[in-house]
Structures are given as C-alpha cells and as structure tokens.
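Reader: I would like to learn how to read the packing of helices and the core they share. Could you take me through one case, giving the general idea before the particulars?

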Amino acid sequence: MATDDSIIVLDDDDEDEAAAQPGPSHPASSPPSPGPETPGPSEPHGVGGTGNSGGKKCYKLENEKLFEEFLELCKTQTSDHPEVVPFLYKQQQRAQSLFLASAEFCNILSRVLSRARNRPAKLYVYINELL
C-alpha cells in the first residue's frame, strides 16, 4: 500500500544532484556566487551590520529579487499558459513573511531558478518544487 501512496518523480536530474548534495553547505554557498550582480554583495554588508532583523531584511530583498527573476523566466517560458505567473504571484502573497525572508526560501529559489535556466523544458517541474 505504501507504493500506491508514494510519489513518482519523473525528473532525471535528481540523480545528478544526489551526487552534489552530500554536502548541504555547498548549495547554500553556491547561490550567492551567481547572485553577485552589483546589488547583491553590497546589500548584505550594509544591512547585515544593523542587527538580526537587518539580516532577515537582507534575505527578504534578495528573495524578492530572485522571485522576480523567476517570474520573468516563467513569463517567457509559459506564454501559452498566461495564468501561471499570476498564480505564482498569489502564492507568494499568501506565504508567511518569515518564510519569505528566510535563508531556506533563498536556497530553494536559487536552486529552482538555476535548474529552470539550465533545463527550460522542465520548468513546470521546478514550479511545482517551489510550491
């Protein structure tokens, strides 16, 4: 009966990532390196020095930027389904603000965004992962 309730993932790049995931600290340290466009590195230092709440705001700003990038990618890739982007936006609005400002959400967004860029044919798989 457990087999009937289990979810089958048809995404073959999980095998590739399983080899890269034994060190969970590596994916956490990798996303900031693709993000160092100009505002990325300067904001964490300036906002992070103000205290713990400032650090959360730093993640919030970075997460908002990453989410906007993901929405832009979705707009171009899902033009046949215009309801996708408004749906994702509504889901973001419903999410708790603590989660939206968390490092966990930052890591998820970074991973999903880079995977979606590398394999655009699987965008809907990555959208589902984000939800």
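This is a predicted model: local features need pLDDT of at least 70, side-chain atom pairs count only at pLDDT 80 or more; totals for chains, interfaces and linings use all residues.

Reader: Which residues have the most contacts inside the largest nonpolar core?

Author: In soluble globular proteins, nonpolar side chains tend to be buried together. Here the largest nonpolar core has 21 residues, and those with the most contacts inside it are Phe 67, Phe 70, Cys 74, Leu 88, Leu 123, Ile 127 and Leu 130. Two or more residues each are given to this core by α5 (52-77), α6 (84-94), α8 (103-118) and α9 (123-130), and the largest share, seven residues, comes from α8. Setting aside its neighbours within four places in sequence, Cys 74 touches Val 85, Leu 88, Leu 123 and Ile 127.

Reader: Which residues of α9 are buried, and why do they line one face of the helix?

Author: An α-helix has 3.6 residues a turn, so residues three or four places apart point the same way. In α9 the buried residues are Leu 123, Tyr 126, Ile 127 and Leu 130. Seen down the axis of α9, these buried residues fall within an arc of 105 degrees, and therefore they line one face of the helix.

Reader: At what angle do α8 and α9 pack?

Author: Two packed helices are described by the angle between their axes and the distance between the axes. For α8 and α9 the angle is about 175 degrees, with the axes 9 Å apart, which makes α8 roughly antiparallel to α9. In this contact, Phe 105, Ile 108, Leu 109, Arg 111, Val 112, Arg 115 and Ala 116 of α8 meet Leu 123, Tyr 126, Glu 129 and Leu 130 of α9; the residues divide into eight nonpolar, no polar and three charged.

Technical notes:
Residues are numbered from 1 along each chain as its sequence is written. Side-chain values use heavy atoms; hydrogens and water are left out. A nonpolar core is a set of buried Ala, Val, Leu, Ile, Met, Phe, Trp, Tyr and Cys residues joined through side-chain atoms within 4.5 Å. Buried means under 20% relative accessible area, exposed over 50%, partly exposed in between (1.4 Å probe, protein chains only). Helices (H or I, at least four residues) and strands (E, at least two) are DSSP runs, numbered from the N terminus. Contact means heavy atoms within 4.5 Å. The arc is that of the directions from the helix axis to the C-beta atoms. Axes are lines fitted to C-alpha atoms, for helices over the stretch in contact, and angles run from 0 to 180 degrees between N-to-C directions. Angles under 35 degrees count as roughly parallel, over 145 as roughly antiparallel, 65 to 115 as roughly perpendicular and the rest as oblique. Ala, Val, Leu, Ile, Met, Phe, Trp, Tyr, Cys and Pro count as nonpolar, Asp, Glu, Lys and Arg as charged, and the others, Gly among them, as polar.
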